[in-house]
Amino acid sequence: EEQVQAIRKEHGITVLGKDVPAPISTFDELQQYKLLPRLKENLLSFGFEQPTPIQMQALPVLLKNRALMACAPTGSGKTLAFLTPIINGLRCHQTTGLRALVLAPTRELAQQIYRACMELTRSTGLRAHIISKVSEAHQQYGPECKQKYDILVSTPNRVRFLLQQQPPLLDLSRIEWFVLDEADRLMEDGKNNFKEQLDVIYEACTHSQKRVAFFSATYTVPVAKWALRHLKQLVRVTIGVANS
Ligand code: ADP
Ligand code: ADP
Ligand code: MG
């Protein structure tokens, strides 16, 4: 326990929540979470020497299937911190339909996440998709097509649009992983307000065991409020000085 505190202190990791799993200091320590061998290879093939602080703490939390609100500076490796547990949890391709949904506030960010996901899923058989044209959604994953994808990456507008078609062009009833990247931007007040869309999307994810994670650069009240209201056994992780 003392050692855990020392590691957190050294890397500026602050945690809130009950029974927060210990941080890892090296990628090797992921072994205790039965990491898929192929996933581990893909992760190591990036050539990173050690996990970043957010990865040190968020990886164990998510690999233990806990709900997470994570705040860490831009450029600190948040993408791998959520993609790795998603991929490990899904294990292999299934034809039952989408099991993970990652939302980001802009198409460019969604593209970046999708690209990282393609690298990390290499040779695992898992299939990721990004909604580029809503008009192609029907043949991509509409009701009568064979369920092709495991992971969906998108901005919220498109997902909501597809959900609200009659009949809906997207089935989120089997989503096991629901991740918001740049959650502070997704939930901020103002013109491009995603909040309403997020509620529609979240409600369509009816799976009883879904894991939820929010990642952002800053700690903001709307995100914390939403997370505390909706999520049981929430773990909050902040890297560096808590802001806002
Ligand atoms: P964030 O989402 O926190 O802004 P990203 O996930 O986009 O950060 O990662 C920023 C950069 O850091 C990327 O180029 C990524 O490949 C790299 N990166 C990720 N993890 C590590 C690591 N453990 N060590 C060094 N660089 C890393
Ligand atoms: P985003 O803002 O997430 O990048 P887009 O602006 O590309 O998404 O498109 C999503 C929104 O645009 C939907 O909410 C929908 O209202 C509208 N839209 C896009 N394509 C179509 C279409 N083929 N038919 C009707 N509406 C569409
Ligand atoms: Mg990011």
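Is Asn65 buried, partly exposed or exposed? Select Asn65 to find out: with 39% relative accessibility, Asn65 is partly exposed (buried is under 20% relative accessible area, exposed over 50%, partly exposed in between, using a 1.4 Å probe and protein chains only).

Before moving on, some ground rules. This is a predicted model, where local features need pLDDT of at least 70 and side-chain atom pairs count only at pLDDT 80 or more, while totals for chains, interfaces and linings use all residues. Residues are numbered from 1 along each chain as its sequence is written, chains are lettered from A and ligands numbered from 1 in the order in which they are written, and side-chain values use heavy atoms, with hydrogens and water left out.

**Stop 1**

Check the backbone: phi of Asn65 is positive, about 65°, although the residue is not a glycine. Most residues other than glycine have a negative phi, and most peptide bonds are trans.

Now jump to Arg91, in the loop between H4 and E3. Arg91 also has a positive phi of about 65° without being a glycine, and at 34% relative accessibility Arg91 counts as partly exposed.

Next, select Gln166 and Pro167: the peptide bond from Gln166 to Pro167 is cis, with omega near -5°. Pro167 belongs to the loop between H7 and strand E6 (177-181).

**Stop 2: the pockets**

Rolling a probe the size of a water molecule over the atoms shows where empty space is left. Here a pocket is an open set of points on a 1 Å grid over the protein atoms alone, where a 1.4 Å probe fits, with protein on both sides within 12 Å along at least five of seven lines; lining residues have an atom within 4 Å of a point. Grid points are joined across faces, edges and corners, and a volume is the space filled by probe spheres set on the points.

Which residues lie nearest the centre of the largest pocket? Select Gly75, Gly77, Lys78, Thr79 and Gln112, out of a lining of 19 residues. The space in the largest pocket is about 380 Å³. Colour helix H4 (78-90) and helix H5 (107-120), as each supplies at least two lining residues; H5 gives the most, with 4 residues. By type, the lining of the largest pocket has 6 nonpolar, 9 polar and 4 charged residues (Ala, Val, Leu, Ile, Met, Phe, Trp, Tyr, Cys and Pro are nonpolar, Asp, Glu, Lys and Arg charged, and the others, Gly among them, polar).

The second largest pocket has a volume of about 200 Å³. Asn65 turns up again in its lining, along with residues including Tyr202, His207, Arg211 and His230. That lining divides into 4 nonpolar, 5 polar and 3 charged residues.

**Stop 3**

Select helix H9 (residues 195-204) and pick out the buried residues Gln197, Leu198, Ile201 and Tyr202. They cover an arc of only 130° around the axis, which puts them on the same side of H9 (the arc is that of the directions from the helix axis to the C-beta atoms). An α-helix has 3.6 residues a turn, so residues three or four places apart point the same way. On the face of H9 turned away from the buried side, look for the exposed residues Glu196 and Glu203. The buried residues of H9 pack against several elements, among them E3, H7 and E6 (contact means heavy atoms within 4.5 Å).

Go on to helix H7 (residues 156-163), where Pro156, Arg158, Val159, Leu162 and Leu163 are buried. Their arc is only 165° around the axis, which puts them on the same side of H7.

**Stop 4: buried loop residues**

Thr155 is in the loop between strand E5 (151-154) and H7. At 9% relative accessibility Thr155 counts as buried, and, leaving out residues up to four places away in sequence, Thr155 touches Leu103, Ala104, Pro105, Thr106 and Arg107.

Finish on Gly97, in the loop between H4 and strand E3 (100-103). Gly97 is buried, at 3% relative accessible area. With residues up to four places away in sequence not counted, Gly97 touches Gln147, Tyr149 and Asp150.
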